[in-house]
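Please keep the sequence and the model in view while reading.

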Amino acid sequence: MNTQNTALEALLKTDRDAIVDEWVAEFRVNLSKGNVTHLTTEARSVLDALAKGVAADGDPARFDTEAWSPLRDALEAVSASRAAQGSTSGETSRFVLASKKPLFDRLQATFTKDATALAGNLWWLSQLVDRAAQYTADAYQRTREDIINRQQQELLELSTPVVKLWDGVLAVPMIGTLDSARTQLVMETLLQRIVETGSELAIVDITGVPTVDTLVAQHLLKTVTAIRLMGADCIISGIRPQIAQTIVHLGIDLQGITTKATLADALSLALKQTGYVVTRPKAA
Amino acid sequence: MDRIPILQMGRNLLVTIQVDMQDQTAIRLQDDLSSKIEATGANGVLIDISALEIVDSFIGRMLASISGIARVLDATVVVVGMQPAVAITLVELGLSLDGVRTALNVERGMKQLTAAQDHDVDAGS
Amino acid sequence: MSTPDRDGSMALRNEQDIVMSRQTVRKLTQELKFSLVDQTKMITAASELSRNTVVYGGGGEMRWETVTNGVRQGLRLHFEDKGPGIPDMELALTDGWTSGKGMGVGLSGSRRLVNEFEIRSEVGVGTCVSITRWK
């Protein structure tokens, strides 16, 4: 093991708890978020992981090697928890960088008599902590992106639920602007549910869709064609007068797709088509 | 080369496609079906594609051909069990398979065939 | 069939190879964890283009490579032949155009199934169609 790592290892073994406390204090001097207990736990886990890397004689210049694997894991955990708590990327890397002070202080104390060795050790440590901070910032980015993607997906799914209106009749209330991604998702979900439930009729309600242009109409047409290909049928409901006008005006050919003004009308037709009769028993 | 088996059930023929077919196999199936419809005087043909994960333009055209040929031979063809991903892809490909009857599953497909046959009987054909 | 390498090629000489190309692209898209619909689209496009290569191109090869664009991963396929080439590209890419046996749907249809579509063809020299699908 090289001398720098040896020196570091010694430090971390004897003085770990003190280093952790000073680290946390240093970070909080900059008055950033986080309660002390939480920060202390995080600092401790990072320091322990760092010690493992040092003991394995890791080279800071090659941060992606096996030796630094525990450290990378610890840093990822820290950045994930920070991201979830809403800390910024800056705060997260500042946290890691705040570990320099307590460690530098101790290296200075150890090597007071040897300026060259001190310089070497400080550089080694500096590299290491910088790499760690960089890694944490990157991990933070990835986590935020994952969270955003997941939220987008959930939003997409929540806004287009497929509901069973009756035996063999499914309905999808579309709300908001119909873009390509949205329509794809609706199409896939709807088709899947049609197969799962064996429903022969799907009602796509566009009451909540503000505008229908040629592109939107194309998307709807594709959805209906796919449904028919599979052996089911589709009714489009919620066609407001303005939309009807636009459709005619744009010369959009609905290719024999049944359309109804309201979801209620569509349901009524669907029930009829699937052989149901709705009666109201006479009042006693 | 695989040969897709054709089962006879009363006045109907049943075909289940479960393999990734070579083009030749599809053509063979088309020929076999035509012959068998004629030989048995079958009224209905049920083609189950629920196991097919890929239906490209060749298979699509084969299904359309078979439907057309059957019609001329006075039989009805119903294709059942198309997978959602297949339907989506066919639409994107631009194949609407006009003239090909479809149903969600074998049960529904048989209902369609029976209805078509009853209709013929009622019409006194 | 063992997992194909990330980059590779296979010959497209006959019908059996068309089937093989579908299976190969299936493995590749599964390895890359494409969604089921995206897998289906890519495999179908490959089937169309493989068939074109075999039937109209007099045989050729399919090459594949994994591509990255920043954080995005994708699959790129090339279908190349030394066949007669396509004399009228615009016509060939029009929906519903047939050269006797319906190459049209395959070419223009495949285009809609993928994110990137590139075709180079020279009469008397050959044709190369490249398609890419991103995750």
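Helices (H or I, at least four residues) and strands (E, at least two) are DSSP runs, numbered from the N terminus. The model is a predicted one, in which local features need pLDDT of at least 70 and side-chain atom pairs count only at pLDDT 80 or more, while totals for chains, interfaces and linings use all residues. Residues are numbered from 1 along each chain as its sequence is written, and chains are lettered from A and ligands numbered from 1 in the order in which they are written.

How confident is the prediction? The model scores ipTM 0.91 and pTM 0.74. Confidence in each residue is expressed by the predictor as pLDDT, from 0 to 100. In chain C the average pLDDT is 89, and 90% of the residues score at least 70. Residues 97–103 of chain C, however, have a pLDDT under 50. For this stretch the model has ten contacts beyond four places in sequence, two residues being in contact if their C-beta atoms, placed from the backbone, lie within 7 Å.

Chain C may be considered first. Its secondary structure consists of four helices and five strands, which follow one another from the N terminus in the order β-α-α-β-β-α-α-β-β. Along the principal axes, the C-alpha atoms of chain C fill a box of roughly 40 × 25 × 20 Å. The radius of gyration, taken over C-alpha atoms, can be compared with a globule rule of 2.2 Å times the number of residues to the power 0.38. For 135 residues a compact globule would have a value near 14 Å, and the 14 Å of chain C agrees with this. Of the 135 residues of chain C, 38% are buried. A residue is called buried if 20 or more other C-beta atoms lie within 10 Å of its own, exposed if 12 or fewer do, and partly exposed in between, with C-beta atoms placed from the backbone. Among the contacts in chain C between residues at least 6 apart in sequence, 62% join residues at least 24 apart.

Chain B also has four helices and five strands, but here the order from the N terminus is β-β-α-β-α-β-α-β-α. Its radius of gyration of 14 Å is close to the 14 Å that the globule rule gives for 125 residues, so chain B is as compact as a globular protein of that length. The C-alpha trace of chain B spans about 40 × 30 × 25 Å along its principal axes. Buried residues make up 46% of the 125 residues in chain B.

Chain A is divided into domain 1 (3–153) and domain 2 (163–273), with bounds that come from an automatic or database domain assignment. The centres of these two domains of chain A, taken over C-alpha atoms, are separated by 55 Å.

How do the chains meet? Chain C places 22 residues in contact with 18 residues of chain B. The elements α1, α2 and α4 (103–113) of chain C each give two or more residues to its side, and α2(C) gives the most, with nine residues.

In soluble globular proteins, nonpolar side chains tend to be buried together. A nonpolar core is a set of buried Ala, Val, Leu, Ile, Met, Phe, Trp, Tyr and Cys residues joined through C-beta atoms within 7 Å. The largest nonpolar core has 97 residues, and those touching the most other members are A:Leu191, A:Ala202, A:Ile203, A:Met230, B:Val45 and B:Ala87. Not counting residues up to four places away in sequence, A:Leu191 touches A:Ala226, A:Ile227, A:Met230, B:Pro84, B:Ala87 and B:Ile88.

Some local details remain. A:Asp57, in the loop between α2 (36–55) and α3 (69–85) of chain A, has a positive phi near 60° although this residue is other than glycine. A:Asp57 counts as partly exposed because it has 13 C-beta neighbours inside 10 Å. C:Lys33, which is not a glycine, likewise has a positive phi of about 60°; C:Lys33 lies in the loop between α1 (15–31) and α2 (36–55) of chain C. With 10 C-beta neighbours inside 10 Å, C:Lys33 counts as exposed. Finally, helix α9 (residues 241–249) of chain A lies largely in the open, because the number buried among its nine residues is zero.
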